[in-house]
Amino acid sequence: MLDGVKGAWERFKRSRPGERFCDRYRQRQADRRGRWVSVLWILLGVVLLLAGVVALFVPGPGLLGLAFGAALIGQESERVAEALDAGELRGRAWFTRGRRWWTHTSTGARFALVLTLLLMAGGSAYGAWLAFLA
């Protein structure tokens with residue numbers, strides 16, 4: 001089983017950015033094992049998406065749950081796969097722009113950004129803690 005997962009991951013990584021999820025969708029359609037298997041994958045994806053949404057508001061890996069849930073649904077739905085491919089391209093563009101900003105900005109601005117993000121994360125954690133106690 002792990003060899004199958006590892007092989008699928010290697011094929012996914014070798015695909016071109018912006019085509020990875022559609023390639024995975026087409027591969028899953030060619031390997032069709034039955035309608036119930038697709039339904040189970042979609043249900044698992046929806047459960048992971050919902051868990052990811054909940055984990056966004058409490059300490060936990062919320063974005064990871066959202067990503068895996070969307071990927072599971074994307075391997076069974078062409079529209080979702082296309083949206084994920086488009087999102088990957090947009091995310092890469094944002095990341096490139098952010099990296100360019102980071103390398104060309106001053107140390108003081110970097111420090112201010114990191115401090116702001118840490119304060120926001122701490123405030124969010126404190127707010128979640130207070131909500132948990134209530």
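Let me start with Lys13 and Glu10, whose side chains meet in a salt bridge, N to O at 3.7 Å. By salt bridge I mean a side-chain nitrogen of Lys or Arg within 4 Å of a carboxyl oxygen of Asp or Glu. Side chains of opposite charge can pair when their charged atoms come close. Both Lys13 and Glu10 sit in helix H1, residues 2-14, three residues apart, which is about one turn of the helix. Helices here are DSSP runs of H or I with at least four residues, strands are E runs of at least two, and the numbering starts from the N terminus.

A word on where this comes from. This is a predicted model, in which local features need pLDDT of at least 70 and side-chain atom pairs count only at pLDDT 80 or more, while totals for chains, interfaces and linings use all residues. Residues are numbered from 1 along each chain as its sequence is written, and side-chain values use heavy atoms, with hydrogens and water left out.

The cut-offs are under 20% relative accessible area for buried, over 50% for exposed, and partly exposed in between, with a 1.4 Å probe and protein chains only.

Next, helix H2, residues 20-30, which holds Arg26 and Asp23, three residues apart. These two form a salt bridge, with the closest N and O atoms 2.7 Å apart. Arg26 is partly exposed at 46%, and so is Asp23 at 25%.

The salt bridge between Glu76 and Arg28 has an N to O distance of 2.6 Å. Glu76 lies in the loop between helix H4 (62-74) and helix H5 (78-104), and Arg28 in helix H2, so the pair ties together parts that are 48 residues apart in sequence. Both Glu76 and Arg28 are buried.

How many salt bridges does the structure hold? Six. Arg20, Glu88 and Arg92 are linked in a network of them.

Last, the nonpolar patch on the surface. Trp101, Trp102, Leu113, Val114, Leu117, Leu118 and Met120 form it, with about 670 Å² of accessible area together. Areas come from the Shrake-Rupley method with a 1.4 Å probe, and for residues only the protein chains shown count as cover. Patch residues have over 30% relative accessible area and no salt bridge; like charges are joined within 9 Å, and nonpolar side chains (Val, Leu, Ile, Met, Phe, Trp, Tyr) within 5 Å. H5 and helix H6 (107-133) each supply at least two residues, and H6 gives the most, with five. One of the patch residues is Val114, which is in helix H6 and is partly exposed at 38%.
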